[in-house]
Amino acid sequence: MADITVKINGVELSVPKGTTVLEAAHIAGIEIPTLCYMKEINEIGACRICVTEVNEGRGFRLVAACVYPCSDNMEIRTSSPKVIESRKKTLELILSDHDRKCLSCVRSGHCELQKLCKDYGVEDAAKYDGVKNEFEVDNSAAHMYRDNNKCILCRRCVAVCAKTQGIGVIGANERGFKTYIGSAFDMGLGETSCVSCGQCIAVCPVGAIAEKDFTKPVLEAIADPEKTVLVQTAPAVRAGLAECFGNPIGTNAEGKMAAALRRLGFDKVFDTDFAADLTIMEEANEFVERVQNGGVLPMITSCSPGWVKFCEHYYPELLPHLSSCKSPQQMFGATAKTYYAEKMGLDPKNIVMVSIMPCTAKKFEIGREDQSAAGVPDVDYALTTRELGRMIERAGINFNALPEEKFDDPLGISTGAAVIFGATGGVMEAALRTAYNTLTGGTLIDIPEVRGTEGIKKATYKVGDLDVNVTVASGLSNAREVLDSIKNGTCDAQFIEIMACPGGCVNGGGQPQVPMGIRNFVDIRAERAKVLYDLDKSMPVRQSHENPAIKQVYEEFFGKPGSHKAHEVLHTSYVKRSVN
Amino acid sequence: MSSAKSTVPFKGTPEQEAQLLQVIEEKKDDKGALMPILQKAQEIYGYLPIEVQKIVSDKTGIPLEKIYGVVTFYAQFSLYPKGEYTISVCLGTACYVKGSGDIYNKLQEKLGIAGGECTPDGKFSLDACRCIGACGLAPVLTVNEDVYGRLTVDDVDKILEKYA
């Protein structure tokens with residue numbers, strides 16, 4: 001497209017036609033603050049924090065930089081006194097109806113509103129105090145709460161729910177001063193068809209929505225001498241946790257994370273990656289069985305509890321397509337409380353299984369039916385990456401100075417196939433590595449076609465004399481497209497991987513929040529996924545079926561994949577749910 | 001959380017539903033179809049309870065929350081039916097300075113409902129209205145076609161008794 005010339009704070013710059021004032025300033029190295037703006041997802045110009053002075057020949061005036069396109073010869077002032085004054089006043093007005101309990105707020109220290117107030121020198125938070133809205137906190141969902149007293153009505157959560165995830169269970173109700181974000185007929189979130197993905201939390205600029213915090217009972221369990229407290233960490237957590245301690249996006253935290261968990265007092269520090277390998281053994285076997293015995297195809301992965309719940313609410317007729325495998329989190333807990341308990345002579349009732357997850361839907365998943373292999377819940381507490389970050393901080397552990405440590409044996413042994421579970425396409429790649437070996441005896445490792453952050457990826461592989469068509473989707477609006485193609489008969493895939501969050505678990509709803517000013521210009525999905533693919537490349541074993549601990553657990557306990565015992569412990573069932 | 005689901009039992013008929021389905025069928029592929037569909041739905045049922053909004057949601061694929069957001073945004077839509085007796089209290093300037101606000105509050109308290117709602121037995125619904133052109137009688141309220149003027153808060157009980 002043709003270039004146009006603009007002058008930003010006196011400096012000339014050439015930008016493509018259609019560039020917004022915000023983007024032009026970014027190119028010039030100036031970050032204009034935003035609150036409501038999410039590139040391509042929420043471009044509504046509503047919050048007025050980004051106002052900037054522009055002159056198009058008729059004198060300078062304030063426009064919303066996030067949605068205002070540059071014109072040729074436009075002059076732009078990004079931080080004139082008028083601009084600063086306007087932004088400061090907007091902040092003061094937001095604060096006039098904001099619950100300003102910053103000291104006890106979960107977002108304190110990394111709140112986008114708090115930072116702007118500091119940046120713009122808001123000294124009198126009560127300047128425009130008057131009538132205030134008072135809202136009840138919604139605690140009805142298993143995974144999160146909503147405290148609208150802290151909501152600034154930016155609508156980022158609404159946009160991500162409706163557009164990115166194609167769900168739309170939250171929105172703006174009422175109008176004017178009475179406007180609030182909620183669900184239809186004021187249902188609590190737990191009564192709606194919310195799938196618990198937590199993408200709304202990941203994009204919230206303030207502390208209005210957050211995961212339910214279970215760090216206290218975990219610390220109590222650690223302090224209880226009767227209990228053996230085991231911890232497992234999902235693949236994607238190691239790709240995000242370091243951000244809680246000031247490290248750049250895309251820092252590998254695996255070794256320091258294991259060290260920190262040990263210093264928090266967990267009895268054994270294990271790795272969900274072990275169970276990811278186990279999942280592959282069961283899932284690849286289930287796939288081969290379905291192909292050979294004329295079972296329901298395409299088969300769809302079941303690792304992502306947000307996706308599973310989505311299917312139960314919105315596509316219940318497709319539930320037979322879901323793999324019956326439990327997710328790695330649940331397989332891990334089930335194996336720990338049966339096989340490991342037996343091996344170590346522990347009573348499953350005295351094992352407290354804690355998981356660290358990049359995910360909020362995992363908090364819902366632990367309370368599902370048919371997830372109690374040893375007669376007690378497979379997993380007792382599912383914490384997010386953010387909760388672990390807070391625990392480490394509170395314990396005074398100097399994370400960045402920790403040595404790199406290893407996971408404990410035997411449930412800490414894993415492969416490169418397992419660690420890529422945390423990125424979109426990773427489960428598919430891992431499954432294909434093992435399925436290929438099962439069917440041909442050969443070795444297939446790198447499968448680049450299913451990598452990358454596109455929402456929907458398709459590929460065909462020759463496995464023996466079989467052409468296997470695979471499809472990978474992440475983000476539930478992309479999943480809808482794939483599911484609709486199954487329904488209308490245009491889907492040619494035999495095997496489909498779906499993850500609820502765009503880019504997979506690395507961008508999960510439980511990962512550290514990244515300010516939108518950064519997210520709008522950096523693809524955090526790709527940066528974090530790179531950590532996992534680099535780890536995969538560096539691992540000595542990169543196929544699940546070659547994991548020595550996996551071989552051992554089948555020899556000593558399960559027999560073979562798909563055995564009666566494996567079905568009892570590692571597989572589950574699904575239910576139809578309504579849409580609200 | 002308090003739920004704004006109407007406590008008046010839904011009494012929609014199959015004829016009304018057939019009418020609504022036909023309206024949706026005609027309009028659902030139009031751009032901006034939601035407003036006209038909701039206006040017609042309110043014409044058919046008199047109000048837009050969850051049962052009606054769910055039909056609209058199921059047939060158009062628009063999430064229920066989005067529909068509810070539109071319904072609560074516009075004053076023209078109501079979540080509650082009209083009662084057998086519709087009480088309108090004038091909150092126009094003249095009536096308001098003569099104390100109609102207190103009368104309105106007293107009615108909300110006596111009936112146990114907020115303005116815009118209907119009692120669970122379907123008997124009374126309460127609304128605020130603007131000037132009805134009887135400022136000389138301020139403060140004024142109407143019950144269906146009956147007009148009551150020069151009221152005090154103490155008159156509320158007597159008026160309600162007449163319709164009990």
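How many helices and strands does the secondary structure of chain B come to? In this predicted model, chain B comprises seven helices and four strands. Read from the N terminus, its elements follow the order α-α-α-α-β-α-α-β-β-β-α. Along the principal axes, the C-alpha atoms of chain B occupy a box of roughly 50 × 35 × 30 Å. Of the 164 residues in chain B, 30% are buried. Among contacts in chain B with a separation of 6 or more, 62% involve residues 24 or more positions apart.

The four strands of chain B are arranged as an open sheet with mixed pairing, in the order S2-S1-S3-S4. Strand S2 (124–129) and strand S4 (146–148) of chain B form the edges, each pairing on one side only. From one strand to the next, the twist averages 20 degrees. Strand S1 (residues 85–90) and strand S3 (residues 141–143) of chain B run antiparallel and are joined by three bridges. Within this pair, Ser88(B) has Thr142(B) in S3(B) as its bridge partner. Helix H6 (residues 100–111) of chain B lies across S1, S2 and S3 of chain B, and its direction is at about 150 degrees to S1(B).

Chain A is divided by the domain assignment into domain 1 (3–79), domain 2 (94–211) and domain 3 (215–570). A distance of 30 Å separates the C-alpha centres of domain 2 and domain 3 of chain A. Contacts between these two domains of chain A involve 21 residues of domain 2 and 27 residues of domain 3. On the side of domain 2 of chain A that touches domain 3 of chain A, helix H4 (156–164) and helix H5 (199–203) of chain A each contribute at least two residues. The largest share of that side, four residues, is supplied by H5(A). By residue class, the side of domain 2 of chain A that touches domain 3 of chain A contains nine nonpolar, nine polar and three charged residues.

Helix H9 (residues 305–314) of chain A is largely enclosed by the rest of the structure, because seven of its ten residues are buried. The buried residues of H9(A) are Pro305(A), Gly306(A), Trp307(A), Val308(A), Lys309(A), Phe310(A) and Cys311(A).

How values were computed
Residues numbered from 1 in each chain as written. Chains lettered and ligands numbered in written order. Predicted model: local features only at pLDDT ≥ 70, side-chain atom pairs only at ≥ 80, totals over all residues. Domains from an automatic or database assignment. Contact = placed C-beta atoms within 7 Å. Nonpolar A, V, L, I, M, F, W, Y, C, P; charged D, E, K, R; others polar. Buried ≥ 20, exposed ≤ 12 C-beta atoms within 10 Å, placed from the backbone. Pairing = 2+ DSSP bridges. Axes fitted to C-alpha atoms, helices over the stretch in contact; angles between N-to-C directions.
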